[in-house]
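Please read them with the model open.

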Amino acid sequence: MNLHFITRRTLSKAVFAAAIAAMMMPSVLAAPQTVPVKPAAVVQQYADLAPAQEVVLNDITVYAFDESPLTLESSIFPDLSQYPDRMALMPKGQFHTITRTYLIQTGDRRVLVDGGWGTESGVDGRTVDYLAKYGVSADDVTDILLTHMDVDHISGLLHGGKAVYPNAVLHIAAKEYNRWIVQGADREAEYIVLARKVAKAYEGRIALFDYDEEILPGITARNANGHTMGHTCYDVTSGNKGLTIVGDMIHVAPIQMRHTEYCSVYDVDPALAAQTRERVLSELSRTDRLIAGMHFPQIGKVRKDKDGGYVVVSDTKP
Ligand SMILES: [Zn+2]
């Protein structure tokens, strides 16, 4: 079955939902729990965790969690040695960064963006601890939005092969679901196996979406294909304030924001990934929307750099 051709543009919402449900979901989509909007006081037990970066967008609050440290090797850019200026930005052949997850409070929903590494793949990813620190249990998470299905974004959705978030609806771009779960394309077998384990663990509460529609209050999915073939950015907007979570559109920000055409080996379709990077950064640079990513710690505004490319300026007032 090919979901690629079934989109919300060609079918009404209700028909689309029914079609997807009939194909994918043997059981009924679970109703999200209603939970209090205000987080409880920060729990001291998790005081060792760096505070989450918090951005208030009128009625929506976004918390950025540094769920685990990440070191990227320069071998992700096979021709890096041809560019001494870029090499200098990865001293000793490495770039030390992080993997992030986000919690969005919108209305009565507590929305997690990506699952991070968690503990399933041998990394001490701490998304659940971060949630606890802010008074949110795994049971309280009503929705999970995936930017894509790479291991560092989904393994934290499982613990011991079981769903970590028992009440959450898992939202995935129909295109991404089709490539990973239906076709088993684009990545090595072990990663496809993991993605399918996640799909199995959340069976019955997976919601597939197409781009450019509001999928939760104040949250719209944006086509950012290229890193993976269903890679997605999320625009979070309340009134005049907005933030765009760009997923893995950028891995080594100092290099790839300056040279948007420069792809790592992680990009499944490099030409498309480069085009997406330029398009999204160019759009953001002309607005006051904030940018946030999964592998860089800055949240700020995107601006054109005088030497070409783009920079993130640390103005976090949207
Ligand atoms: Zn990643």
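1. Ile245 has Ala292, in strand 14, as its bridge partner. Strand 13 (241-245) and strand 14 (290-292) pair in the parallel sense, over three bridges. Strands here are DSSP runs (E, at least two residues) and helices likewise (H or I, at least four), numbered from the N terminus; two strands pair if DSSP finds at least two bridges between them.

2. The model is predicted: local features need pLDDT of at least 70, side-chain atom pairs count only at pLDDT 80 or more, and totals for chains, interfaces and linings use all residues. Residues are numbered from 1 along each chain as its sequence is written.

3. The open sheet has seven strands in the order 10-11-12-13-14-15-16, with mixed pairing. Strand 10 (214-216) and strand 16 each have a single partner strand, so they stand at the edges with one side left without a neighbour in the sheet. On average, neighbouring strands of this sheet are turned by 40° against each other, direction ignored.

4. Helix 8 packs on the sheet, touching strand 12, strand 13, strand 14, strand 15 and strand 16. Contact means C-beta atoms, placed from the backbone, within 7 Å. The direction of helix 8 makes about 100° with that of strand 15; axes are lines fitted to C-alpha atoms, for helices over the stretch in contact, and angles run from 0 to 180 degrees between N-to-C directions.

5. The buried residues of helix 8 (20 or more other C-beta atoms within 10 Å of their own, C-beta atoms being placed from the backbone) are Ala273, Thr276, Arg277, Val280, Leu281 and Leu284. They lie on the same side of helix 8, because they cover an arc of only 115° around the axis, taken from the directions from the helix axis to the C-beta atoms.

Notes. Buried ≥ 20, exposed ≤ 12 C-beta atoms within 10 Å, placed from the backbone. Contact = placed C-beta atoms within 7 Å.
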